[in-house]
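Subject: Structure handover

Hello,

Please read the two together.

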Amino acid sequence: MNLESLPGAVAVVLVAVATVVIGTWGLRLSRTTSDFLVASRTVGPAMNASAIAGEYLSAASFLGVAGLVLTFGADMAWYPIGWTAGYLVLLVLVAAPLRRSGAYTLPDFAEARLGSRGARSACSLLVVAIGWLYLLPQFQGAGITLAAALDAPRWVGPVTVGAVVLVSVGTGGMRSITLVQAVQYWLKLTALLVPVSVLLVVWLGDGSPGPVGGGDAAGGGSWSLPLAEGGGQGLYSTYSLIVATFLGTMGLPHVVVRFYTNPDGRAARRTTLVVLGLLGAFYVLPPVYAALGRVYGAAPARADSLVLDLPRLMVPGLGGELLTGLVTAGAYAAFLSTSSGLTVAVAGVLTQDLTARARLGGLRLPDAAAFRLAVVVAVAVPLATALALPDLGVARAVGLAFAVAASTFCPLLVLGIWWPGLTAPGAVAGLVTGGLGSAAAVAWTLVDGTSPGPVATGWTATLLGQPAAWSVPLSFATMVLLSLATRSRRPAHTRRFLVRLHTPEALEVDRG
Amino acid sequence: MRGWRRPHLGTEADRATFRTLHRASLAAPALREGLTAASSERSIRHLRILLGTPALALTDTEQPLAWDGEGRHHLEGAGGLARLAIERGQTRVVSGAEVTCHEGGCPVRVAVISPLVVEDLIVGTLQAYAPRSTAGLARAADEVAGWVSGQLALAELDASRTRLMEAEVRALRAQISPHFVYNSLGAIASFVRTDPDRARELLLEFADFTRYSFRRHGDYTTLAEELRSIERYLLLEQARFGDRLRVTLRVAPEVLPVAVPFLCVQPLVENAVQHGLGADDGVGHITIAAHDRGQDCVIEVEDDGAGEDPERVRRALAGDSSLDSVGLGNVDARLRAAFGDEYGLVVETAPGTGTKVVLRVPKFAPGVQA
C-alpha cells in the first residue's frame, strides 16, 4: 500500500468499524413514558423505502452496471432499468397482498397459502440457493474494490467483508435495523453523486469532448443502441434479461422480509412507490460513469472497477484520491449492507429448517448458538466459492440470481396471490422445474467462466446464458397444468385466504 | 415385472390386525372433531370397512348424519331406529317390518343399532345393516360403537380445553381488576378540581383502555395495539403514583406489526407495576423492551422490585391458582397453545433482585393473524 491509497483505506476502515459498532451495540435509544407515542410508532414508508433501497443496491448496482455499459454498450442499461422496474411489478401484483398474508419470509407465504410443509421446504432450499448466488458477486466485488483502491491482493476484500458480516450479524446486531440500512442508501447515493458531479464539471471544463477515437460512425453507433448485437440472439438476450429482472425482484429473500415492517398493505404499496423513486434516482448515475469512461478512454479490461478508477483518471492528484476514497466507501457500504441483509435471510432459513433441529449428543442447540452456526454456514459457503472461482463479472452473477428468483418465486407469488386454483403439488413441481432449468444455466455459466475457451456457441450459449425467457414460462405452465391435474388437492382455506389478501384492512369483513 | 415386494409382515392374522388398526387410525382424526355431519361423512367409509357390512349409518339422537354403502333409501328410517335404541340404552337388533323394503337386490334386511355414549349421555347411534343377523355382527357393532364413543369423548375433552382457555381470557379481561378501576377513578377524581383538563384526558384514556380490554372479537392483536393499551394503563397508574413509577421503553419499530395473543403483555406489565412498587414508598423502575431477532420478536418486561422465589414462579407457571399471579400462568398457556411449547414464558428472578419476564413470539405462525 502506498500513500496515494490512504483515503481509500481510511474510508474502508471507517465504514467497516461503523458497521460493526452500530451492529454490535445497536442503537440503544431509551425512552420514557412521555415518548410512548414516538416509541410505538411504526416505520414510515419513506424510512422503510430508504432501507429497502439501501439493502437492495448491491455491488452489482454500484460497480457492475457502469462496467457493463462501458464494455458492451447501452443495451446493458436494461440491467438497472429492470432492477428498478421489478419494483413496479412488485407494486402492482404482490406488495399489498403479500403484506396482508402475514408472511415474514417466502417459505412462510408458501406454507400459509398452500398449507404444505413440502412446499415450505422447497422454498427454504431456494431461498438459500438464491441467497448464496447473490452473495457470491458481493464478495467478488469486494475483492475488486480493494484491489483497485488499495492494490490489495484479491482475497483481502472477500475475507474482510465476510469477517465484518460474520461479526456484526453473528453478535446479534444489524439484524434488520431499519435506520442503519436507510442511512446506507443515502451514503451510497452521495458516494456516487458527489464524484460524478465533480467529474461532469471537469468534462465541461475540457470542452465536453466525445468518445476517444472520435467517430460516432464507427464504434459509437452500435455502442449506444438499446438492443444487443447479434440479430435474433441479441434480441432474445435482451428480452430474457428484461423478464429476469422485472420478475426476479419479488423473489429476493432479503427484499421480501423488509415488507413485513410495514404496518399494513397500503403502507407496503406506498413504500414500494418510494423505492421506485429512490432507485430511479440512483440508477441514473452508473451509465454516466460509463459514458465518461468511454470519453476518457478507460480500459474495458478493468470494467468492474471503472467507477473506482475514473476519478483518478480524470482528476490527477489529491482531489482524485479523495473522490476515490468516497466512492470506495460507498462501494464498501454496498457490499456490507447487501451481504448482511442476505446473510440474515439465509441464516434465518437455515436456523429454522436446519440448525435449530440439529441434535448434538441428543440435545438441541440453544437458540443463539443455532443462529450463529447458521450465520457461519451462510457466509462460509459463498466466501469459499468466491475465493475458489475466478471473476465471473459482478452483474452477470447477480443476473443469474435474478433468473433463478424469476423462474421460481415469481410464479409462486403471482399464482398464489391471483389464482385460487394453485395446489401444493403444482407449486412444488413448478418450483422444481424453474429451479432446475435456471440452475442448469448457472452451472453452465460457472463452467463457461472457468474454462479457457468457449464451451458452447450460438443459440445454445445464448439460451443457457440468459435462461429467464424460457424458464419462467416453463415454470408458470408447470404450476398451472399440475394444479389443474391435482384439482382435488386445493387447500380448503384458499377462498378465505384470498379474501384476506385482497381486502383492504379498513374494510370490516370476516377474515376467518 | 414384479421387482419389488412388500416385506413379510407376520401371519395372516397379524396382517388382519394391522389392517384393522390402520383403518381405525384413518377414522380417528375426523371423529376427534366431535359428532357432526361433516365428521361423520369423512369417517363413515372407514368404519364400514372396519365392520365389513354392506351398509352403515351414523345418526345423532334424532336424525341421520351420514350413510355409506348400498341401500341408501333406508336413510329416512334411520332416525326412527335411532330413537328405538336410545329408549333402550343398549345395542338392539331390529328386523322385520321396520327394516325390510321391497326393492329387489337390496341387501338390507337386519339393522344392528348401537348407541354412542359420551360421559353417560347418549349422543347418537351407529347402525350396521346386513342381510341377516349374526351374533358376531352384534358384537362387532357394539365394539366399534364403543371405540367411536371413546374418540368422541376425546373430542369433548379437546373442546372443553378450548372452552377453558377462552374462559380464562374472558376472566383476564374481566380481571381488569376492580382495584384498578377504583384506584384510577379515585386518581382522576383528585384532578377534577385542580386540573380539569388532565382529569378529562385521563378519563378518555380510561375509556379507551376499557374498550380495548373488553373487546370481543379476535384472539390476536398487533404488538403496536397492545403497547398502546399498556401506555394508557401506565398513564393511569402514573396519575396515581406520580414520580414513584418510572418507565423506560426500548422498542424496535420493526416488530410493531407482529401478531401477539390478545392481552399477553399487559398482565405482565401489571405484575411488574405491582412488584416494582411493592409496599414501601420507594421508586419503582419498569423497563419494557421489544427486540427484533430475525424470525422471532423478543419482548421483555422488567422491574427492580423485591423479586420472587423461583419455586413460586414455577408453580404459578404450572397453573397453581392458589398464587396471586393468575396472569402469568394464563399468558404462558396461551403462548404455548398458539405457537408451540418452545415459546413459553421465561421468568428470571430471585428474592431481592427484581423480576424479568421474557416472551418470544414468532413473526409468522400458521393460522395466527392480528
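α5(B) and α6(B) are roughly antiparallel to each other (angles over 145 degrees count as such), because they pack at an angle of about 155°. Their axes, lines fitted to C-alpha atoms over the stretch in contact, with angles from 0 to 180 degrees between N-to-C directions, are 7 Å apart. Helix α5 covers residues 178-192 of chain B, and helix α6 covers residues 196-213; helices (H or I, at least four residues) and strands (E, at least two) are DSSP runs, numbered from the N terminus.

S184(B), I188(B), F191(B) and V192(B) of α5(B) make the contact with P196(B), R198(B), A199(B), L202(B), L203(B) and F206(B) of α6(B). Contact requires C-beta atoms, placed from the backbone, within 7 Å.

This is a predicted model, in which local features need pLDDT of at least 70 and side-chain atom pairs count only at pLDDT 80 or more, while totals for chains, interfaces and linings use all residues. Residues are numbered from 1 along each chain as its sequence is written, with chains lettered from A and ligands numbered from 1 in the order in which they are written.

C297(B) is in strand β10 (residues 296-303) of chain B. C297(B) is buried, with 24 other C-beta atoms within 10 Å (20 or more count as buried, 12 or fewer as exposed, and in between as partly exposed). Beyond four places in sequence, its contacts include L223(B), V255(B) and K363(B). Between C297(B) and Y220(B) there are 15 Å, C-alpha to C-alpha, and 77 residues in sequence.

Regards

Note on methods
Parallel < 35°, antiparallel > 145°, perpendicular 65-115°, else oblique. Contact = placed C-beta atoms within 7 Å.
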